[in-house]
Amino acid sequence: MRIPDYHVHTEWSYDAPRGSMERSCEQALELGLPAIAFTDHADFVTVNPGQYCVDIVGYLQSVERCRARFKNLRIHSGVELGEPHWFPEETRRVLSVGKLDHVLGSVHCVRIGDRIVDAGQLSKSPDVDPVTFAHSYFAETLAMIEGGQPFQTLAHLDYPKRYWPGYREEDFEEQLRAILKAAASRDLVLEVNTTRGNVICPSLPALRWWREAGGKAVSFGSDAHDPAKIAAGFDQASDLVEAAGFKPAAEPTALWRS
Ligand SMILES: [Zn+2]
Ligand SMILES: [Zn+2]
């Protein structure tokens with residue numbers, strides 16, 4: 001069974017020099033995926049130079065060109081909002097173009113003292129304690145959910161894990177359960193993010209907590225910034241999601257549900 005990939009970046013993301021919407025469609029067809037969602041970055045703060053927010057009008061034209069060209073693939077539109085609760089006006093402007101199929105809410109950065117630190121800087125910042133970072137990260141994630149910005153999917157719940165080999169979900173159980181409870185009460189979808197192949201965010205403990213919190217739906221996202229990475233790690237991720245009590249729907253493009 002093939003699972004749709006609902007978190008993919010293309011040339012419309014500032015950090016995807018290898019991205020390509022067209023080649024991603026070809027790759028998805030080759031893999032036999034029933035659907036794909038392009039969720040390029042709408043970031044308004046970043047520690048990296050460049051243009052951070054997707055040109056949403058140009059992006060949507062590109063989606064339309066791909067839909068016309070790849071008729072056998074379901075192509076969903078989307079966006080990945082970075083820290084939308086910090087930028088309500090910018091978020092509103094991006095979303096004002098019309099209905100997008102997948103709006104992801106993501107935290108990448110936290111404030112530590114008077115600095116803004118991205119989790120990706122953890123390994124290069126010996127002065128930042130990863131435990132402190134993770135606590136701030138989870139507090140920020142809860143604030144994003146409670147901030148009520150209009151996203152439907154909570155992306156990469158424990159993103160710092162990618163950059164911190166010592167991370168264990170159990171050490172942050174209380175904060176993670178609070179986040180999952182808030183997400184369930186908003187009826188959000190929890191994304192299982194497989195960017196790093198063998199680093200799956202979140203893993204089995206938090207997926208079980210998601211079910212216990214009343215979470216109903218799970219999506220799968222490779223977070224590919226390169227067409228070659230589409231749907232990578234989905235076999236392992238789907239085993240975990242199944243072990244936590246979620247099942248695929250009969251309709252192949254639908255989300256997995258409890
Ligand atoms: Zn992200
Ligand atoms: Zn992403």
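**Questions on a predicted model with two zinc ions**

Me: In which helix is the place of S185?
Reply: In this predicted model, S185 belongs to a helix that covers residues 173-185. That helix is α5.

Me: The backbone oxygen of which residue lies 2.9 Å from a polar atom of the side chain of S185?
Reply: Along the chain, I145 is 40 residues away from S185, and the C-alpha atoms of these two are separated by 9.9 Å. The contact asked about involves a polar side-chain atom of S185 and, at 2.9 Å, the backbone oxygen of A182.

Me: Which residue coordinates both the zinc ion (ligand 1) and the zinc ion (ligand 2)?
Reply: The zinc ion (ligand 1) has E80 (OE), H108 (NE2) and H156 (NE2) as its protein donors, lying 2.1 Å from it, and in sequence these donor residues follow the spacing E-x27-H-x47-H. The two zinc ions are 3.5 Å apart, and the residue that coordinates both is E80.

Me: How many residues apart in sequence are the parts that E80 and H108 tie together?
Reply: Both E80 and H108 are buried. E80 lies in strand β5 (residues 78-82), whereas H108 is in the loop between β6 (102-106) and β7 (109-112), so the pair ties together parts whose separation in sequence is 28 residues.

Me: Which residues have the most contacts inside the largest nonpolar core?
Reply: The largest nonpolar core has 70 residues. One of its members, V79, touches residues including F38, V54, V94 and L104, when residues up to four places away in sequence are not counted. Another core, of six residues, lies apart from the largest one and has A35, A37, A217 and L255 among them. Inside the largest core, the residues with the most contacts are I75, V79 and L154.

Me: Which strands stand at the edges of the sheet?
Reply: Seven strands form an open sheet with mixed pairing, in the order β3-β5-β6-β9-β10-β11-β12. Each edge strand has a single partner strand, so one side of each is left without a neighbour in the sheet; these strands are β3 (40-42) and β12 (256-257).

Me: What is the bridge partner of V218 in β12?
Reply: Strand β11 (residues 217-221) pairs with β12 in the antiparallel sense, over two bridges. The partner of V218 in β12 is W256.

Me: What angle does the direction of helix α6 make with that of β10?
Reply: Helix α6 (residues 204-212) packs on the sheet, where it touches β10 (189-193) and β11. The angle between the directions of α6 and β10 is about 170°.

Methods:
Residues numbered from 1 in each chain as written. Chains lettered and ligands numbered in written order. Predicted model: local features only at pLDDT ≥ 70, side-chain atom pairs only at ≥ 80, totals over all residues. Heavy atoms only, no water. Donors = N, O, S within 2.8 Å, 3.2 Å for Na, K, Ca; no water. Helix = DSSP H or I, 4+ residues; strand = E, 2+ residues; numbered from the N terminus. Buried < 20%, exposed > 50% of the residue type's maximum accessible area, 1.4 Å probe, protein only. Polar contact = N/O pair within 3.5 Å; in protein donor to acceptor, adjacent residues only side chain to side chain. Core = buried A, V, L, I, M, F, W, Y, C linked by side-chain atoms within 4.5 Å. Contact = heavy atoms within 4.5 Å. Pairing = 2+ DSSP bridges. Axes fitted to C-alpha atoms, helices over the stretch in contact; angles between N-to-C directions.
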